[in-house]
Amino acid sequence: MIHTIALQPAPGSSPSGANARCKGCREGEVPLFPFSFAYQPILDVPARAIWAHEALVRGPEGEGAMTVLDQVNADNRYRFDQACRVNAIRIAAGLGMDTRLSINFLPQAVYRPEICIRTTLEAADKYGFPRERIVFEVTEGERVSDGPWLASILTEYQRCGFLTAIDDFGAGYAGLTLLADFQPDVVKLDMALIRGVDSSRPRQAIARGILRMCEELAITVIAEGIETAGERDFFLHEGVGLMQGYLFARPRFEGLAPAAEIFGQA
């Protein structure tokens with residue numbers, strides 16, 4: 001789905017004043033429809049450890065993401081985005097997650113980043129989840145009408161102590177321009193680029209070019225969507241140790257796959 005960033009205030013917002021809070025922020029823990037999360041590990045393969053878990057939205061009984069996302073519209077996206085952040089943190093804390101937590105957010109649901117982030121800060125404090133272990137992901141495939149505006153959102157999140165990531169890098173058209181305005185902590189390579197990379201010279205050349213660029217910009221790279229040993233081995237050879245994909249573990253609904261199970265350790 002292609003989105004554009006909405007620059008107007010959220011419904012019920014009060015854009016001025018230090019204590020301004022939008023209605024969506026205040027009601028973030030009460031979504032308009034039920035949903036939950038599955039958690040998929042992001043692995044440090046050489047260290048045989050879990051680096052993070054990505055929170056993936058699911059229906060209340062584990063139904064696919066689109067059963068939830070199809071209910072999101074212009075009237076409820078602010079409230080939904082805030083509820084996603086709060087509940088992803090709440091469930092992760094309840095599961096005893098001791099790794100980083102990666103949360104996808106809707107940039108078009110943010111009207112003032114310094115205000116809209118407050119609910120997340122409060123949730124991190126309430127559930128005892130350190131903010132330095134929270135990663136905010138935005139997909140490069142999101143069509144944004146104002147790249148510097150998105151950069152300002154990510155910059156504010158970094159200022160608050162969160163990590164930032166661009167997901168699906170290489171899938172959209174704005175990724176390189178965005179990097180000129182803002183350098184995230186993490187770039188996640190798009191799985192379409194990764195698929196069959198071990199046997200595709202064009203994909204290898206593009207991947208190596210991105211890796212060199214990210215190294216120069218001090219950006220950590222995650223190879224996501226790894227499904228074969230050949231794909232894994234190509235990126236290990238290129239110095240990428242952080243990976244995510246079905247080769248290692250599928251998302252687990254309201255649960256965490258232990259490292260010993262993933263790596264087959266005794």
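## Salt bridges in the model

Arg208 is partly exposed, with a relative accessible area of 30%. In this predicted model, the side chain of Arg208 meets Glu238 in a salt bridge, with 3.0 Å from N to O. The partners come from distant parts of the chain, 30 residues apart: Arg208 lies in helix H9, and Glu238 in the loop between H10 and strand S8 (242-244). Salt bridges with shared partners also join Glu54, Glu137, Lys188 and Glu224 into one network.

Within that group, let's look at Lys188 and Glu54, whose closest N and O atoms are 3.0 Å apart.

Another salt bridge brings Arg195 and Glu231 together at 3.1 Å, N to O. Here Arg195 sits in the loop between helix H8 (191-194) and helix H9 (201-216), while Glu231 belongs to helix H10 (residues 229-237), 36 residues away. A search of the whole structure finds ten salt bridges.

| Residue | Relative accessible area | Class |
|---|---|---|
| Glu54 | 5% | buried |
| Glu231 | 2% | buried |
| Arg195 | 29% | partly exposed |

A word on confidence: the protein chain averages a pLDDT of 85, and 83% of the residues score at least 70. Over residues 1-20, pLDDT stays under 50, and the model has 48 contacts beyond four places in sequence for them.

Technical notes:
Residues are numbered from 1 along each chain as its sequence is written. This is a predicted model: local features need pLDDT of at least 70, side-chain atom pairs count only at pLDDT 80 or more; totals for chains, interfaces and linings use all residues. Side-chain values use heavy atoms; hydrogens and water are left out. pLDDT is the predictor's confidence in each residue, from 0 to 100. Contact means heavy atoms within 4.5 Å. A salt bridge is a side-chain nitrogen of Lys or Arg within 4 Å of a carboxyl oxygen of Asp or Glu. Buried means under 20% relative accessible area, exposed over 50%, partly exposed in between (1.4 Å probe, protein chains only). Helices (H or I, at least four residues) and strands (E, at least two) are DSSP runs, numbered from the N terminus.
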